[in-house]
Amino acid sequence: MLLTRLLKPTITASAHCDLPCGVYDPEQARIEAESCYKIIEKYNASSDEQFKTRAIVIKEERAELAKHHIDVLWSDYFKPEHVQKYPEITELCWKAAKQCSKVKGSLDIAEAKTLLDMIDKIADVWTKAGGPQATRVAKAAAARA
Amino acid sequence: MEPALRAGDWIVVRALSRPPRVGEIVLVRDPRKPENLMLKRVADVADGACTVLGDRPDESTDSRTFGPVPLANVLGRALFRYGPIGRIGWLW
């Protein structure tokens with residue numbers, strides 16, 4: 001640890017522009033998709049019409065956000081060398097983005113579950129492609145536990 | 001600058017002892033924001049200024065955006081990557 005501290009550079013230079021930030025994680029899409037899932041659950045359990053209307057509006061927003069995050073991963077994070085190595089990623093992202101549209105217009109919890117599964121498949125490729133190390137900032141040990 | 005450089009690489013930069021040459025990776029001050037340091041590849045040196053480009057033109061902000069960098073703002077030349085261990089190696 002001491003050695004690492006001694007060797008660690010003290011000056012940081014960026015090798016690309018200040019934007020994009022370079023942080024990409026399918027978890028961002030997953031959280032929005034989980035919101036859709038839970039909202040549909042709550043919608044089905046409720047008999048309050050006003051609540052149900054709000055639930056629909058919010059679910060549509062969340063589904064749109066999930067789609068946005070998948071698009072960003074696909075167009076900004078995954079590079080040609082990833083596609084070469086994991087050719088399935090193009091179809092996974094494409095289908096997941098389409099599934100977001102389905103969830104947006106549906107109150108079927110099975111559709112929301114399908115979306116979660118699709119995002120998990122994208123996350124598998126992201127992990128295999130070294131995404132966690134390449135794109136995320138390490139958390140403090142306490143936050144990881 | 002991928003794949004030559006990746007976020008988190010540990011790089012030894014040598015202060016400039018001679019003008020940079022085309023193809024070398026140099027540490028430059030961002031002319032738009034001098035406290036910002038960047039590593040870019042030299043594409044051309046002329047009239048006391050250095051045109052620097054990223055290795056990934058479609059994602060890079062470089063001399064195409066901020067113009068050539070005066071040699072006074074070219075601080076050094078990237079020589080060696082000493083971390084992460086798997087990527088240790090010369091950069092020239």
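In this predicted model, 11 residues of chain A are in contact with 16 residues of chain B. On the chain A side of this contact there are 7 nonpolar, 3 polar and 1 charged residues. The model as a whole scores ipTM 0.77 and pTM 0.55. Chain A is built from 8 helices and 0 strands, whereas chain B holds 1 helix and 7 strands.

**Chain A: overall make-up**

- The elements of chain A follow one another along the sequence as α-α-α-α-α-α-α-α.
- Chain A has 145 residues, of which 28% count as buried.
- Among the contacts in chain A with a separation of 6 or more, 72% are between residues 24 or more positions apart.

**Chain A: helix α2**

- Helix α2 of chain A covers residues 26-45, a run of 20 residues.
- From its first C-alpha to its last, α2(A) reaches 29 Å, which is close to the 28 Å expected at 1.5 Å a residue.
- The buried residues of α2(A) are Pro26(A), Ala29(A), Arg30(A), Glu32(A), Ala33(A), Cys36(A), Tyr37(A), Ile39(A) and Ile40(A).
- An α-helix has 3.6 residues a turn, so residues three or four places apart point the same way.
- The partners against which the buried residues of α2(A) pack are α3 (49-77), α5 (88-104) and α6 (109-128) of chain A.

**Chain B: overall make-up**

- From the N terminus on, chain B runs β-β-β-β-α-β-β-β.
- Chain B has 92 residues, and 29% of them count as buried.
- Residues 24 or more positions apart supply 50% of the contacts in chain B with a separation of 6 or more.
- The mean pLDDT of chain B is 89, with 98% of its residues at 70 or more.

- Strand β4 of chain B spans residues 49-53, and its side chains alternate between two faces.
- Strand β3 of chain B (residues 33-46) runs antiparallel to β4(B), and 5 bridges join the two.
- The strands β3(B) and β4(B) form a hairpin with 2 residues between them.
- In the turn of that hairpin, Asp47(B) has a positive phi of about 50°.
- Strand β5 of chain B (residues 69-70) also pairs with β4(B), in the antiparallel sense and over 2 bridges.

- Ala78(B) belongs to strand β6 of chain B, which covers residues 74-83.
- Ala78(B) counts as buried because 25 other C-beta atoms lie within 10 Å, and the cut-off for a buried residue is 20 or more.
- Leaving aside neighbours within four places in sequence, Ala78(B) is in contact with Ile11(B), Val13(B), Ile25(B), Val26(B), Leu27(B), Leu39(B) and Leu91(B).
- Of these contacts, Leu91(B) is 13 residues from Ala78(B) in sequence, and the two are 6.5 Å apart in space, C-alpha to C-alpha.

Conventions
Residues are numbered from 1 along each chain as its sequence is written. Chains are lettered from A and ligands numbered from 1 in the order in which they are written. This is a predicted model: local features need pLDDT of at least 70, side-chain atom pairs count only at pLDDT 80 or more; totals for chains, interfaces and linings use all residues. A residue is buried if 20 or more other C-beta atoms lie within 10 Å of its own, exposed if 12 or fewer, and partly exposed in between; C-beta atoms are placed from the backbone. Helices (H or I, at least four residues) and strands (E, at least two) are DSSP runs, numbered from the N terminus. Two strands pair if DSSP finds at least two bridges between them. Two residues are in contact if their C-beta atoms, placed from the backbone, lie within 7 Å. pLDDT is the predictor's confidence in each residue, from 0 to 100. The expected span of a helix is 1.5 Å times one less than its number of residues. Ala, Val, Leu, Ile, Met, Phe, Trp, Tyr, Cys and Pro count as nonpolar, Asp, Glu, Lys and Arg as charged, and the others, Gly among them, as polar.
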